[in-house]
Amino acid sequence: MAERQLVVYRDGDTIAQAGAQRTLLAILDTLSAQPQAERFDLALTGGSDSLKALSYMASNPLTQVIDWSRVHIWWGDERFVAADDEDRNALQARRRFLDALVSDGRLPAANIHEMPADTRSPKQAAADAAASDAGDDTANDALLDAAAQQYEQELVAELGEQPVFDLLILGMGPDGHYASLFPGHTEVNITDRLVVGVNHSPKMPPLRLSLTAPLLARSRRTWFFTAGAAKADAIAQVFAKPDNPSYPSSFAAGTEEFIWFTTADAVAKVL
Ligand SMILES: O=C1O[C@H](COP(=O)(O)O)[C@@H](O)[C@H](O)[C@H]1O
């Protein structure tokens, strides 16, 4: 595993700008190296700091010279809502960056590997939510598990039984969650699945899908984009103790590179 590196920038906007440039360079250099890599697998996250980086990618000139037909896009987690719901991480990424690449004919639509969306009717979703409120999670759990299995199959079909991303971008919530692995939830301990359903997420919306910790830890490069004082307590705890379920981000790693891009206020309790 790569040693954790810490980079402290002036503000979140700098994380997003530098992160955009760095992401595009990683793609360009990997696809241009000799012998050439066939493809580049990039796993995105939701979250304020990382989404901003996607907007900067859209206007960065390096975007014009990348062979996007060899780039595949994945997500570390997703909110299990309808495909056109504003809460969806993939929708936000499409709007900021991906849709333009597809409509220009540069990124094949099939290279965007979105996690499954909720296709239930509003009436059925409300009935399942009512059952859950009454203590019966059978329907929601079954639905989430089927969706998680579907994404697992897509990962295995594209990347084999032990999928590895070239680059995984992550954000961390103030509670220390990453992807949709939350403190106090059992999903962070699951090691025999690639993808899990997450019910009763403490952050809305309540139904989610997440890659599991072992998959998230074997990315070649793993970068956190994490700004702001609200994250200071969690970063201090994450840096203090690895693999701590109370601060799930402490499970993250990268095999070749593992970098936290932060701001001074975010690491005020570490340094
Ligand atoms: O809910 C989520 O939150 C985390 C962190 O988001 P942030 O806005 O606090 O940076 C994000 O990484 C994850 O993808 C998202 O679903």
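Let us begin with Glu 114, which forms a salt bridge with Arg 94, their closest N and O atoms lying 2.5 Å apart. A salt bridge here is a side-chain nitrogen of Lys or Arg within 4 Å of a carboxyl oxygen of Asp or Glu. This pair links distant parts of the chain, 20 residues apart: Glu 114 is in the loop between helix H4 (89-103) and helix H5 (122-133), and Arg 94 is in helix H4. Helices (H or I, at least four residues) and strands (E, at least two) are DSSP runs, numbered from the N terminus.

The model is predicted; local features need pLDDT of at least 70, side-chain atom pairs count only at pLDDT 80 or more, and totals for chains, interfaces and linings use all residues. Residues are numbered from 1 along each chain as its sequence is written, and side-chain values use heavy atoms, with hydrogens and water left out.

How accessible are the two partners? Glu 114 is partly exposed at 21% relative accessibility, and Arg 94 is partly exposed at 22%. Buried means under 20% relative accessible area, exposed over 50%, and partly exposed in between (1.4 Å probe, protein chains only). Salt bridges with shared partners join Arg 88, Arg 94, Asp 99 and Glu 114 into one network.

Next, Asp 128 and Arg 120 meet in a salt bridge at 2.8 Å, N to O; both residues are buried.

Finally, Arg 39 forms a salt bridge with Glu 158, with 3.0 Å between the closest N and O atoms. Arg 39 lies in the loop between helix H1 (12-32) and strand S2 (40-44) and Glu 158 in helix H6 (residues 138-159), so the pair ties together parts 119 residues apart in sequence.
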